[in-house]
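This briefing walks through a single protein chain by topic. Please keep the sequence and the model open while reading.

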Amino acid sequence: MNELLTHKGGQPVYLEDLDFIQKSIGGAFENFVRALTDQGERDIPIVLSGLARFGTYGFNYGVVAFGGRIFYVDDHADIDDGKHLINFITKEGEPRRLKNGSTVDVYKYEEAVWDSTGWSYEDLYWFNDELAARLKDSLV
């Protein structure tokens, strides 16, 4: 893993240093998740736990790996609201005023939401099913 080297003597810290730290940790974690799920470069949602279906439109909460990242997915009530697909979105928030007078968002959030577009329950890849298949294949 890449790391920022620090030295005694009053080493200055720049915004690029913070970006480097963030990318180093995020990249290592992404590689770990991709290796754990054997996902490679494919971006297929992999259910790590939960998301048991109940009723016609209901789902329990769960945890899904997607694109080398791990997302918590809220439960979904058994109602026909047209939002029965899992979508992965990015949004920004936490506005801050800069010294030059402009205001910018400084946080980027990635989350899994129930939406009218995205992956259906049948499109999801189940991590436990894959582990069981691998175990069965190794015993045969």
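A nonpolar surface patch of about 720 Å² is made by Met 1, Val 13, Leu 15, Leu 18, Phe 20, Ile 21 and Ile 25; patches are made of residues with over 30% relative accessible area and no salt bridge, with like charges joined within 9 Å and nonpolar side chains (Val, Leu, Ile, Met, Phe, Trp, Tyr) joined within 5 Å. Accessible areas come from the Shrake-Rupley method with a 1.4 Å probe, and for residues only the protein chains shown count as cover. This is a predicted model, in which local features need pLDDT of at least 70 and side-chain atom pairs count only at pLDDT 80 or more, while totals for chains, interfaces and linings use all residues. Residues are numbered from 1 along each chain as its sequence is written, and side-chain values use heavy atoms, with hydrogens and water left out.

**Overall layout**

- The protein chain holds two helices and eight strands, where helices (H or I, at least four residues) and strands (E, at least two) are DSSP runs numbered from the N terminus.
- Read from the N terminus on, the elements follow the order α-β-β-β-β-β-β-β-β-α.
- Of the 140 residues in the protein chain, 23% are buried; buried means under 20% relative accessible area, exposed over 50%, and partly exposed in between (1.4 Å probe, protein chains only).
- Among contacts with a separation of 6 or more, 45% come from residues 24 or more positions apart, a contact being heavy atoms within 4.5 Å.
- The protein chain exposes about 10,000 Å², and carbon and sulfur atoms supply 54% of that area.

**The patch and the N-terminal segment**

- Met 1, a member of the patch, is placed in the segment before helix H1 (15–37) and is exposed, with a relative accessible area of 71%.
- Leaving aside residues up to four places away in sequence, Met 1 touches Ser 24, Ile 25 and Ala 28.
- Met 1 and Ile 25 are 24 residues apart in sequence, and their C-alpha atoms are 7.6 Å apart in space.
- Leu 18, another member of the patch, lies in helix H1 and is partly exposed at a relative accessible area of 46%.

- The charged end of Arg 53 sits over the ring of Tyr 121, 4.8 Å from its centre; a charge sits over a ring if NZ of Lys or CZ of Arg is within 6 Å of the ring centre and within 35 degrees of the ring normal.

**Salt bridges**

- Side chains of opposite charge can pair when their charged atoms come close.
- A search of the whole structure finds three salt bridges, each defined as a side-chain nitrogen of Lys or Arg within 4 Å of a carboxyl oxygen of Asp or Glu.
- Glu 122 and Arg 53 meet in a salt bridge at 3.1 Å, N to O, linking the loop between S7 and strand S8 (125–126), where Glu 122 lies, to strand S2, where Arg 53 lies, 69 residues apart.
- Glu 122 counts as exposed at 57% relative accessibility, whereas Arg 53 counts as partly exposed at 38%.
- Glu 110 and Arg 69 meet in a salt bridge at 3.0 Å, N to O; Glu 110 lies in strand S7 and Arg 69 in strand S5 (residues 69–73), so the pair ties together parts that are 41 residues apart in sequence.
- Lys 91 and Glu 111 meet in a salt bridge at 3.0 Å, N to O, with Lys 91 in strand S6 and Glu 111 in strand S7, 20 residues apart.

**Backbone angles**

- Most residues other than glycine have a negative phi, and most peptide bonds are trans.
- Leu 51 has a positive phi, near 60°, and is placed in the loop between strand S1 (46–50) and strand S2 (53–54), where Leu 51 is buried at a relative accessible area of 0%.
- Glu 94 also has a positive phi near 60°, but its place is in strand S6 (residues 85–97), and Glu 94 is partly exposed at 36%.
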